[in-house]
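The explanation begins after it.

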Amino acid sequence: MTWGEDIAPPKVAITPACWPRIALRLCLLAPLLFGGLAVMLVLRLVERPLFGLRRPVTPYLTQAVCRLALVIIGLRLHVHGTPMTKRGAIVANHASWLDIFVLNAADRVYFVSKAEVAAWPGIGWLARATGTVFIRRDRRESALHKLLFEARLRAGHRLLFFPEGTSSDSQRVLPFKSTLFAAFFTPALRDVLHVQPVSVSYFAPKGQDTRLYGWWGGMDFGAHLLVVLAQSRRGRVNLTFHPELQVASFADRKDLAMAAETAIRQGFDARTGPDP
C-alpha cells in the first residue's frame, strides 16, 4: 500500500470565481511546458550525437522553464544553502509532483524515478526529455541499477533520489530506504562521490489547509493540479541545501542513508513559517 492511501486529502472548494484564474494559468503553463519540450527535443538532436550522455545545454533550458512555471503556478521559491558543485547525487524528502519543478528550478539535476512515472501523460513526457532515470524498486534489479547510475554519474550528472520511495502530505519526512544508496559504494565511485541532503518544505497560502501542496496515496493528479492553480494567494516552498556528505566517510549504504535522513529531518523541523 502506498503511504497515506487511508488518509483523506484536504477538502478545497473550487468556486466559480476560481475558474478564470485556473484558465489563465493553464493557458500560460501549457505553452511554456510543451514549447520548452519541443525546443529541448530539437537541441537534443544536436547535443546527443556530439556529447552522448553529457548535456551541456539542455539542463539550463529545463531550469529556466521550471522557474517560470513556479511563477505561473503561484509558488515562491526560497533557497537556503548552496547546491554542491562536486560529483555526486542529491537526496531530498518527497512531498508532491511539484518537487519536479521546485528542485529543477534550484539546481540542474537528473531525477531518479519509479518506472510508472514514464507512462504518466504530460509529466512522463517531460521527465523522459529531461533525462530522468526510471527504475523498478526491485532488489533483483539492483545490479542493473548500479551500472546505470555509474554511467550517469561518470558523465557528470547529479542524480536526485527520493529515498522515502513515495510522496507524503508535505507535513512530515517518511523513513528512508537505503537500497539505492548502494550504487554510491561501487569501487569506481566510492572515493570520489558526495551526497548532498536537501530539505523540501511547503507552506500553503494563508487560510488554506497546511497539506494543500502535498500529493499522496490515491490522489488524482488532474484534480490536485486544479486546486493548486485555483489559489488566489501565493504559497511558498523552502529548499535547504545541507553540507555534502563524502561517501568514503561512511561504512555502508545504511550509515549514509541514516546521515542523509538526519540532516533532512533537522532542516525540515527547523523550517520557518510563511511570511506575514
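The model under discussion is predicted. F51 belongs to helix α1, which covers residues 19-51. With a relative accessible area of 33%, F51 counts as partly exposed; it can join a patch because membership calls for over 30% relative accessible area and no salt bridge.

Helix α1 also carries a pair of charged residues. R44 is linked to E47 by a salt bridge in which the closest N and O atoms are 3.1 Å apart. The two residues, R44 and E47, are three residues apart in helix α1, so about one helical turn separates them. Both R44 and E47 are buried.

The structure contains seven salt bridges, and two further examples deserve attention. In helix α7, formed by residues 253-269, E261 and R265 are four residues apart and therefore separated by about one helical turn. Their side chains meet in a salt bridge with an N to O distance of 2.9 Å. E261 is buried, with a relative accessible area of 16%, whereas R265, at 29%, is partly exposed.

The other example joins the side chains of R190 and D191, with 3.7 Å from N to O. Here R190 is partly exposed, its relative accessible area being 26%. D191 has a relative accessible area of 54% and is therefore classed as exposed, since that term applies over 50%.

Methods: Residues numbered from 1 in each chain as written. Predicted model: local features only at pLDDT ≥ 70, side-chain atom pairs only at ≥ 80, totals over all residues. Heavy atoms only, no water. Buried < 20%, exposed > 50% of the residue type's maximum accessible area, 1.4 Å probe, protein only. Salt bridge = Lys/Arg side-chain N within 4 Å of Asp/Glu carboxyl O.
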